[in-house]
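Subject: Structure for you to look at

Hello,

Here is the structure I said I would pass on. Please open it before you read the notes below it.

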Amino acid sequence: MEALVMCLKAVTRPGDTVAIENLGLKALEIAADPVTGIDPEQLAALIRKFPIKACVFVPNFSNPLGSCMPDEKKAALVKLITHHQIPLIEDDIYGELYFGRHRPKTCKSFDKEGWVLYCGSLSKSLAPGYRIGWTIPGRFMHEVLRTKMMHTVTGTTLTQEAIAHFLGIGRYEYHLKKLRKALHTQCLRYVQGIIQYFPANTKVSRPQGGFVLWVELPHQLNAYRLYQQALKHQVSVAPGQLFSARGQFGNCLRISYARPWDSEVEEALRTLGALVKAHSRSKLV
Ligand SMILES: Cc1ncc(COP(=O)(O)O)c(C=O)c1O
């Protein structure tokens, strides 16, 4: 989070317009495909219309869609922002959590002129409590360093030393191998649960990494009301409205599958499915 803030501070001034993924700066929402993420062609059209000063995207396993931009789209995006000299802040916090054979590429790997400010963290792949993240700010190195010096000077050196040792002896890679496998299995199990307990016309994403599912419910449903009712049963989901500044996605839910599958999770999905069915019947809006 700190890396993102430092990078934003380095490339914007208060009141500037910033393009963000669907979701004092004016945020411009860009539509994202649940499988392939944001569309560089749509961004190109918006650049012609608005004075965009920076972009903040999560190209790999974006939250909440779980989408992953294909390499060609990443290359096209970097070419576009380089041409217009618009800095791209790449939040790659989920990049290590892939289910396939290879780690997805980053936009940074296509960046020849330093317009991509790459940000990473251990929060989703090891533990959020360490508060360790990093940035590779390209041509904005000087501005980011200056902001870091003014704000916190340095992160906690002892924790950094411990994590450096953990990385150095290969334990992180070992941990990630187990985590990726566990998350993939959990993903399949949760999807199966949703198919089993939710109405037949429910749509659910099939992410290839990360740990969130995007669920589209029948149109008349109000996800926020569903969220409130689910909380009474100690079931926590994120209503779709949370992910749009314009209150879109009122019939969608984000469900995390980070928790290992067990009978309690199954019961929670059964409860949620029953609530969705009851809502659909009563046409609660
Ligand atoms: C997409 C995304 N970026 C950044 C962060 C912040 O990560 P950190 O805990 O490393 O500050 C989060 C955490 O919730 C996140 O979901």
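This is a predicted model: local features need pLDDT of at least 70, side-chain atom pairs count only at pLDDT 80 or more; totals for chains, interfaces and linings use all residues.

Residues are numbered from 1 along each chain as its sequence is written, and side-chain values use heavy atoms, with hydrogens and water left out.

The ligand has around it Met-1, Leu-4, Asn-63, Asp-91, Ile-93, Tyr-94, Ser-121, Ser-123, Lys-124 and Arg-131 (a residue counts if one of its heavy atoms lies within 4 Å). Asp-91 places a polar side-chain atom 2.4 Å from a ligand nitrogen. Ligand oxygen atoms lie 2.7 Å from a polar side-chain atom of Lys-124 and 2.8 Å from one of Arg-131. The protein buries 78% of the 400 Å² that the ligand exposes when taken alone (Shrake-Rupley method, 1.4 Å probe).

Helix α4 spans residues 141-151, and its buried residues are Val-144, Thr-147 and Lys-148. Buried means under 20% relative accessible area and exposed over 50% (1.4 Å probe, protein chains only); helices are DSSP runs of H or I, at least four residues, and strands are runs of E, at least two. Seen down the axis of α4, the buried residues fall within an arc of 100° (directions from the axis to the C-beta atoms), so they line one face of the helix. His-142 and Met-150, on the other side of α4, are exposed. The cover over the buried residues includes α1 (2-11), β7 (116-121) and β8 (133-136), with contact meaning heavy atoms within 4.5 Å.

Regards

Note on methods
A polar contact is a pair of N or O atoms within 3.5 Å; within protein, one must be able to donate a hydrogen and the other to accept it, and residues adjacent in sequence count only if both atoms are side-chain atoms.
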